[in-house]
Number of protein chains: 2
Amino acid sequence: MTPLVCAVPVKAESPSLQDNTADYDRLQQALVKHLADDRSLYLPFSRIVPVTRRFREAGFSGYALLNRLQDQWVVADFLAAEPEVIAGMALDLGTTHLEATLIDLQTGQMLAENNLENSQIRFGADILSRIHHATTKRRQLRKPDADFLDPGLQELQQTIVETVNELTGKLAESSGIQACDIRALAVSGNTTMAHLLLGVDPYHICREPYIPLFNRVPDIEASQLDLVIHGAAPVWVMPSVGSYFGGDLISGILASGMAQSSATRMLIDVGTNAEVVLGNSEWLIACAGAAGPALEGGVARMGMRAGPGAIEFVSIDPDTFTMEYRTIADAPALGICGSGLIDLVAALYLCRLIDIRGKIRDPAKEKDPLRLAFMQEHILEHEGKRVFRVTGASASAKGREVLLEQIDLDAMMRSKAAMYAILTTLVNQVGLEFTDLEEIIVAGAFGRHINPEKAITLGMLPDLPLNTYRAIGNSSLRGAERVLLDGDARLACEKIVSGITYLELNVNQEFMLRFSGSRFIPHTDTALFPSVPNFHSKS
Amino acid sequence: MTPLVCAVPVKAESPSLQDNTADYDRLQQALVKHLADDRSLYLPFSRIVPVTRRFREAGFSGYALLNRLQDQWVVADFLAAEPEVIAGMALDLGTTHLEATLIDLQTGQMLAENNLENSQIRFGADILSRIHHATTKRRQLRKPDADFLDPGLQELQQTIVETVNELTGKLAESSGIQACDIRALAVSGNTTMAHLLLGVDPYHICREPYIPLFNRVPDIEASQLDLVIHGAAPVWVMPSVGSYFGGDLISGILASGMAQSSATRMLIDVGTNAEVVLGNSEWLIACAGAAGPALEGGVARMGMRAGPGAIEFVSIDPDTFTMEYRTIADAPALGICGSGLIDLVAALYLCRLIDIRGKIRDPAKEKDPLRLAFMQEHILEHEGKRVFRVTGASASAKGREVLLEQIDLDAMMRSKAAMYAILTTLVNQVGLEFTDLEEIIVAGAFGRHINPEKAITLGMLPDLPLNTYRAIGNSSLRGAERVLLDGDARLACEKIVSGITYLELNVNQEFMLRFSGSRFIPHTDTALFPSVPNFHSKS
């Protein structure tokens, strides 16, 4: 293992009249002998005082904590005794949610895990509104340079730093480790979130030609960001490829292992955007598109993140019209999460309660008595619109019915169409078929909870044998953990970023055509989905 | 010229959908083509925001300001137009006095010069009392690391930073350049002053075995010290050799050119300490001792720095007993500076108004009527002690007589004895004679104002032809200027520090013997001073 921070034993002679080497030089001379490789050694000015003081108070012997940066070893601290644990924090910096783990860099063991909502949400639910908030009061060039931090950006940066610090506090508490003893941080997030965390202007990210200010960042230490972890902790920010291709996806590629194998795989990560990567150790191609929102909490009226009270599973028997659902933690129903929504819409289609365009059917036109009875119970007029009632008020947590509105269904249809169009466009771009893929890796909360069979029914994912699909959970976080522990993984990020081809869908005609063709269930061309019942002729 | 900071032209393509390189990468890619050597290029995190913003606002073309550090080029700023002046500040950080110049790094031209008293004096006139102040409330190891800055040290650091900033303001004002447009700072000072400026614990400097915390410092930028010059300005601190062998002397060696010539020279720098270096381009040996205090303002009761009102020249005719003196700027007499004191004591000796031990003679025992008359006018009882009156109250600025007390004379005798003992010990150490020296270079205010003939009369300097002596003024400041302008000079500092041999006088028996032998005027062994009248037999 080549973790980002390690402890190196030091044993130096005490000073004497015959050897009046300065403490600073004495420590470096003793350390140079014990370095694992020929990177140069550097004790930065900001660390001179505490490090040399501890070195002297420990009697010139003990353990130096070294940050293993790309070009050099940096002396971060000095300890009198060998550390039992060197804790590092891995962080998935999501637009809506933060997830983090605490890892022992000496053993790789997970010490704690936790998550928090991104409190930047109060400035806007999505990336665009946050960029807007960060940049509406952009300042003119001025001296001194401190003025460059625009007030909106500053507000967003402080907010996210506070959230990260709060999450750090939770990890520290549950692991029994002090926050200031966390010695490294690896962050993966989308390009905008990385800009906001670092307080770097995101203005041009959302304006043609969509140029981020940075993709790779230079070395940062925690004190530069007011983080509560140790001030000399290196902050590794996953590099990105472009404005809409962030470090979270690089992290996912790393965690999936797809860039280390000759077999061709596809990685699908659905968060606020759907991001898709295709490739192997020889080549990688990627694209992204707005296929996610309908599946995330906050867009559908009754949508919510996967958490207690979220309906995560729904079935309706097409013969008996018996409906069943299950909430997370069996709590009273609060809303419906992405996987529940996919289940529900697939069931509505198979039971012919919605048509192939995803429109709720009119009970007045229904002839089948069993279906009619079910429709009369579940399809209602609500505030002048036709809605599908998932649960009645009595079964819900807030005494409020859980309703699926047409507008939610429409968003869902756009998302599923976008997703399938993205996947087909990407595979077609390199002259492959879906059947050429060794594996389709589905990452994120979407991947963890989704039932691929239901997604296939909707025409969201290609009609392949179910064992082609593998869920890997929060791959953005898993990649950050790898980076904490493994120097090869840190180098691999660089290789992935420089080698990847990005396919811009905003200007891609083929994508637009495929998107239109995908706006039916399962698809305009039903032959693409042989396993899905076909009601096209009957609609 | 290879100045510490330079402007490099940059011309990059504007971003487009076909070229979505991030601003940060775009700047670096454009710059790499124009670097003067193969040092790596680095745009630190702290500079990303202002530098890339200016780069973009300048239309991706202009001039990058680069710091030429030892191992890398660091991007400090970006300017739309070629800078007319790149100002750098050279600073001699003295224990009692600061002197500084502003230099155009593109032409080497001096733009301004000024000086200020070191306001740390209110915490103690000398280094030892300041170390005491800095370290009396040293803190225990604690978290977070910020606690490491002991309160006394913090006070001293803030004070000196304020003084440096005040001096910067003066330079800025007289040159018409804004303080934040000063792009580099080179500082030379003794080891303790360097520690205090950087806020680094000086505790062990004055305690056996006299270990400084650092001799060489890593790269520092101005923002780390709260300096008012540009935040990204590199702060070059002259390396030192040991606790009592500071960067000011390394700077002096650099400025003297002695390490660049095969002829052997001696450099004498008298400040609070006397520091002496002997050598040539092949070898250098140095030592230091407390030979200075009597010559600096603040020790002798009527002592003062060379400034308006200071008596800088005194003569007494040994035949007529006519006394003459001259003050700086012909102002009413305020006190007496080092050169005036040496003139005066030499005259007192030649007129036999003091004996060979430096004691004021008793007028009651005088037989020569002319001398007696002069003695009766100038040798008085003052507060119960015998004193020599230099000027009466009417000629003085404050209506107060300028008096030389016996205690001042005793201090002067110790200083001159220490000086001669240092010089002879050092020359003897390498098996040379004074006559082997090509040149004796006298630096500092001492060197600028002293009349070597009078110093020889006292037995302070060896009895050599007067043209052996050369004054070079403030060599500490001159060396700092060279470092701003010349990369070879920066490398030479390193070479001087690593090559020099330091002779510790505190534990040197030979020095103690020579010191005792030097406590007469001109010396116990009068044969060493053939040019000086010898009154030993008559005393």
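Predicted model: local features only at pLDDT ≥ 70, side-chain atom pairs only at ≥ 80, totals over all residues.

Reader: How should I think about the way two copies are placed?

Author: Here is the general idea: two copies of a chain are related by a rotation about an axis and a shift along it.

Reader: Now a single chain, please. How many helices and strands does chain A have?

Author: Chain A has 14 helices and 22 strands. Its radius of gyration is 27 Å, close to the 24 Å that the globule rule gives for 539 residues, so chain A is as compact as a globular protein of that length. Along its principal axes, the C-alpha trace of chain A spans about 105 × 50 × 50 Å. Buried residues account for 51% of the 539 residues in chain A. Take the contacts in chain A between residues at least 6 apart in sequence: 66% of them join residues at least 24 apart.

Reader: What should I look for inside?

Author: In soluble globular proteins, nonpolar side chains tend to be buried together. Here the largest nonpolar core has 336 residues, and those with the most contacts inside it are A:L185, A:V276, B:L185 and B:V276. Helix α9 (residues 406–429) of chain B supplies the largest share of this core, 13 residues.

Reader: With which residues is A:L185 in contact, leaving aside its neighbours within four places in sequence?

Author: They are A:M89, A:L91, A:A222, A:L227, A:I229, A:A233, A:V235 and A:W236. Two of these names come back when we look at strand pairing. A:M89 stands opposite A:L185 in β8(A), and A:L185 stands opposite A:V235 in β10(A).

Reader: So how do I read the pairing around that strand?

Author: Strands of a sheet pair through backbone hydrogen bonds, either parallel or antiparallel. Strand β5 (residues 87–93) of chain A pairs with β8(A) in the parallel sense over 7 bridges. Strand β10 (residues 234–237) of chain A also runs parallel to β8(A), joined to it by 3 bridges.

Reader: Why is β8 of chain A called largely enclosed by the rest of the structure?

Author: Because 8 of the 8 residues of strand β8 (residues 182–189) of chain A are buried. One residue found in this strand is A:G189, which is buried with 27 other C-beta atoms within 10 Å. A:G189 and A:L93 are 96 residues apart in sequence, yet 4.6 Å apart in space, C-alpha to C-alpha. Helix α12 (residues 475–485) of chain A is also largely enclosed, because 11 of its 11 residues are buried. Among them are A:R478, A:E481 and A:R482.

Reader: In chain B, what is the strand order of the open sheet of 6 strands?

Author: The order is β21-β20-β11-β12-β13-β22, with mixed pairing. At the edges stand β21 (469–473) and β22 (501–502) of chain B, each with a single partner strand, so one side of each is left without a neighbour in the sheet. Helix α9(B) packs on this sheet, touching β12 and β13 of chain B, and its direction makes about 20 degrees with that of β12(B). Those two strands, β12 (residues 274–279) and β13 (residues 284–289) of chain B, pair in the antiparallel sense over 6 bridges. In this pair, B:G279 stands opposite B:L284.

Reader: And which strands form the open sheet of 4 strands in chain B?

Author: That sheet runs β1-β3-β4-β2, again with mixed pairing. Its edge strands are β1 (5–11) and β2 (40–42) of chain B, each pairing on one side only. On average, neighbouring strands of this sheet are turned by 40 degrees against each other, direction ignored. Strand β1(B) pairs with β3 (residues 61–68) of chain B in the antiparallel sense over 7 bridges, and B:P9 has B:Y63 in β3(B) as its bridge partner.

Notes:
Residues numbered from 1 in each chain as written. Chains lettered and ligands numbered in written order. Core = buried A, V, L, I, M, F, W, Y, C linked by C-beta atoms within 7 Å. Buried ≥ 20, exposed ≤ 12 C-beta atoms within 10 Å, placed from the backbone. Contact = placed C-beta atoms within 7 Å. Pairing = 2+ DSSP bridges. Axes fitted to C-alpha atoms, helices over the stretch in contact; angles between N-to-C directions. Rg over C-alpha atoms; globule rule 2.2 N^0.38 Å.
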